[in-house]
Amino acid sequence: QEAAEQRLTDEQLRSRFDLVVRQLDVGTGWFAARQRERAAQILDKLIAWMRGNDRAFVAAERDFRIVIGRAVLSGQVDRLEMDEDGRLVVVDLKTGKHSARKEDLPQHAQLGAYQLAVVEGAFDDVTGGVRLTGGAELIQIGGTQKKASVQRQDPLTGDDESWAHELVRRCADGMAGAVFDAVDNDLCRACPVRTSCPVQREGRQVTA
């Protein structure tokens, strides 16, 4: 994939995109046309971001699995890159319409988990044993902005790693418990059991 990124021109990338889109069943009419248009806009923002990104490509869609205490943390990173200081940077491409809140970035759970994967050596097979993290980024390419928006989490170093390790351990302990605490958060609005949750007003209502 690294060689392909360096070799393909913007027009070649768009041609490949058009070929793939024609093979997908996205329906007909205005909705299908809008979906194709949105996908093309996402591609354009991705291409522009890639052309302006000077980090070295290491791997894409790379699976990882690490063990922290009683927790087994597994997943897949969109991109793994190396900066000019030889540190590994995990990049997550976001095609949704909503960005993470700025105040959440310093301890953003997903980015913290990705950095832990670097620190714990989950990518040693493709990095030659490099475990120094250079941070992690959310690349927002799905919103209405004309350019990709970069949301960055600073590198985990020394004591800074403690919050990420503690978050994983706390989640593992909670999942292993007999009782689960209901906690109000940004995902509540899309939760399928919202109407049964005691944290929500409609969840506390037991009569019509």
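Predicted model: local features only at pLDDT ≥ 70, side-chain atom pairs only at ≥ 80, totals over all residues.
**View 1. The whole protein chain, end to end.** Let's start with the big picture: there are seven helices and five strands here. Walk along from the N terminus and the elements go α-α-α-β-β-β-α-α-β-β-α-α. The C-alpha trace spans about 60 × 50 × 30 Å along its principal axes.

View 2. Of the 208 residues, 34% are buried. Now for who touches whom: among contacts with a separation of 6 or more, 59% link residues 24 or more positions apart.

**View 3. Zooming in on Leu 80.** You'll find Leu 80 in strand β2, which covers residues 71-82. Is Leu 80 buried or exposed? Leu 80 counts as buried because its relative accessible area is 0%, and the cut-off for buried is under 20%. Leaving aside residues up to four places away in sequence, Leu 80 touches several others, including Phe 57, Leu 88, Val 118 and Phe 123. Val 91 sits eleven residues from Leu 80 in sequence, with 6.2 Å between their C-alpha atoms.

**View 4. A look into the largest pocket.** This pocket holds about 1100 Å³ of space. It is lined by 27 residues, and the closest to its centre are Ala 109, Leu 167, Asn 185, Asp 186 and Leu 187. Elements giving two or more residues to the lining are α4 (109-119), β4 (133-140) and α6 (161-176). Which one gives the most? That's α6, with six residues. Sorted by class, the lining has eleven nonpolar, nine polar and seven charged residues.

Note on methods
Residues numbered from 1 in each chain as written. Heavy atoms only, no water. Helix = DSSP H or I, 4+ residues; strand = E, 2+ residues; numbered from the N terminus. Buried < 20%, exposed > 50% of the residue type's maximum accessible area, 1.4 Å probe, protein only. Contact = heavy atoms within 4.5 Å. 1 Å grid on protein atoms, 1.4 Å probe; cavity = no way out; pocket = protein on both sides within 12 Å on 5 of 7 lines; lining within 4 Å. Points joined across faces, edges and corners; volume = space filled by probe spheres on them. Nonpolar A, V, L, I, M, F, W, Y, C, P; charged D, E, K, R; others polar.
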